[in-house]
Amino acid sequence: MAERSLEDALKECLADDGKIDKYEARVIKEFIMADGIVSEDEKQFLEKALKNNVFDDQAMELLSGVLLRSKQG
């Protein structure tokens, strides 16, 4: 269920200009961190999103940080 919400958020963020800025990345981060943990599905979704979409530098840094912290924990 979380993945569907994340997918919808990503599509919404990409709809305006085709890339994700730091403010849109914060929305995605909030979806991921809403329950306080990053599930395996969320990790996979985030890895795929980071590989396949256009992020500005600050957005990439923010979401990459979420992914890195989730792998350390």
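1. A residue is called buried when its relative accessible area is under 20%, exposed when it is over 50%, and partly exposed in between (1.4 Å probe, protein chains only). At 37% relative accessibility, phenylalanine 31 therefore counts as partly exposed.

2. This is a predicted model, in which local features need pLDDT of at least 70 and side-chain atom pairs count only at pLDDT 80 or more, while totals for chains, interfaces and linings use all residues. Residues are numbered from 1 along each chain as its sequence is written, and side-chain values use heavy atoms, with hydrogens and water left out.

3. The protein contains four helices and zero strands, in the order α-α-α-α along the sequence. The radius of gyration is 11 Å, close to the 11 Å that the globule rule gives for 73 residues, so the protein is as compact as a globular protein of that length. Helices here are DSSP runs (H or I, at least four residues) and strands likewise (E, at least two), numbered from the N terminus. The radius is taken over C-alpha atoms, and the rule is 2.2 Å times the number of residues to the power 0.38. The C-alpha atoms fill a box of roughly 35 × 25 × 20 Å along the principal axes.

4. Buried residues account for 33% of the 73 residues.

5. Contact means heavy atoms within 4.5 Å. Leaving aside neighbours within four places in sequence, leucine 46 is in contact with Ile32, Leu63, Val66 and Leu67. Of the contacts between residues at least 6 apart in sequence, 62% join residues at least 24 apart.

6. Two residues may be set side by side. Alanine 49 lies in helix 3 and is buried, with a relative accessible area of 4%. Apart from neighbours within four places in sequence, alanine 49 is in contact with Leu10 and Phe55. Phenylalanine 31 is placed in helix 2 and, not counting residues up to four places away in sequence, touches Ser5, Leu6, Ala9 and Glu42.

7. The C-alpha atoms of phenylalanine 31 and leucine 6, 25 residues apart along the chain, are separated by 6.4 Å.
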